[in-house]
Amino acid sequence: MSMTADIFRLVLGLLFGMLVPRIPLLFFTRFLNLERGLHPHPDPTPVDVPLIQRMRLMRRVHGMGWILAILPLGLGLFVLRVSPQSFAFGLVAGVAWFAISRIVPQDVEMGLGIIPMSLVREVNNLRQIQSPCCDRPFLQWEVRAVRCRFCRAVHLSTPRPDLGRLRSDGWLIGAFRILLADGRSIFPLTESVELGGEVGEEE
Ligand SMILES: [Zn+2]
């Protein structure tokens, strides 16, 4: 067996191992067209019950990834027990990569996962505005923060994760972006958000 063929199989296995656990994230909500109650991508999402339901659903979708990860991991380990195949090694390494990217939190205080339960609670609490920012507060989750539509006050400076809506940038580019960011926002978690200026509406 040539070295090139071995490397090709290793990379192929690696890609499968990384891709299979992310199948639910790519297809589950989008393929089933579960768009009810949500504004189309990439519009800001009002902070309301459908948003909270969608965040809970996305948590389950992320959870499904762990179940699907068993397939390439199991197959890889099974083959490796019999013979040292490079494809099987790639599968195991790909799943390990997936696991590490999920386990390492973006912010330790926020909790684990792409959409931690603490974030769901935080956004849910914003539905009852304690101290109104203006006469007619209307909170919506924009790309980089939860802000009031009218006075632009920032209520939560957390970038919006992927909410599983049908992508406006097309299936292929959208899927590529989701895979790169793993469903997180492409923007870093910041303590404060610049108030001025509009940013491009991308998740
Ligand atoms: Zn306001």
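This is a predicted model: local features need pLDDT of at least 70, side-chain atom pairs count only at pLDDT 80 or more; totals for chains, interfaces and linings use all residues.
H1 spans residues 3-19 and H4 spans residues 86-103; their axes come within 6 Å and cross at roughly 35°. The crossing of H1 past H4 is right-handed.

Let us turn to the sheet. Its four strands form an open sheet in the order S1-S2-S3-S4, with antiparallel pairing. At the edges sit S1 (45-46) and S4 (154-156), each pairing on one side only. S4 is joined to S3 (residues 146-148) by two bridges in the antiparallel sense, and here arginine 147 stands opposite valine 154 of S4.

The backbone also has some details worth a look. Between helix H2 (23-31) and S1 there is a loop that holds proline 42, and the peptide bond leading from histidine 41 to proline 42 is cis, with omega near 5°.

Two residues other than glycine have a positive phi:

| Residue | Phi | Other C-beta atoms within 10 Å |
|---|---|---|
| Arginine 152 | near 70° | 14 |
| Aspartate 182 | near 60° | 17 |

Arginine 152 belongs to the loop between S3 and S4, while aspartate 182 is in the segment after helix H6 (171-181). Is arginine 152 buried or partly exposed? With 14 other C-beta atoms within 10 Å, arginine 152 is partly exposed. Aspartate 182, with its 17, is partly exposed too.

Terms used: Residues are numbered from 1 along each chain as its sequence is written. Two strands pair if DSSP finds at least two bridges between them. Axes are lines fitted to C-alpha atoms, for helices over the stretch in contact, and angles run from 0 to 180 degrees between N-to-C directions. A crossing is left-handed if the near helix is turned anticlockwise from the far one by less than a right angle, and right-handed if clockwise. A residue is buried if 20 or more other C-beta atoms lie within 10 Å of its own, exposed if 12 or fewer, and partly exposed in between; C-beta atoms are placed from the backbone.
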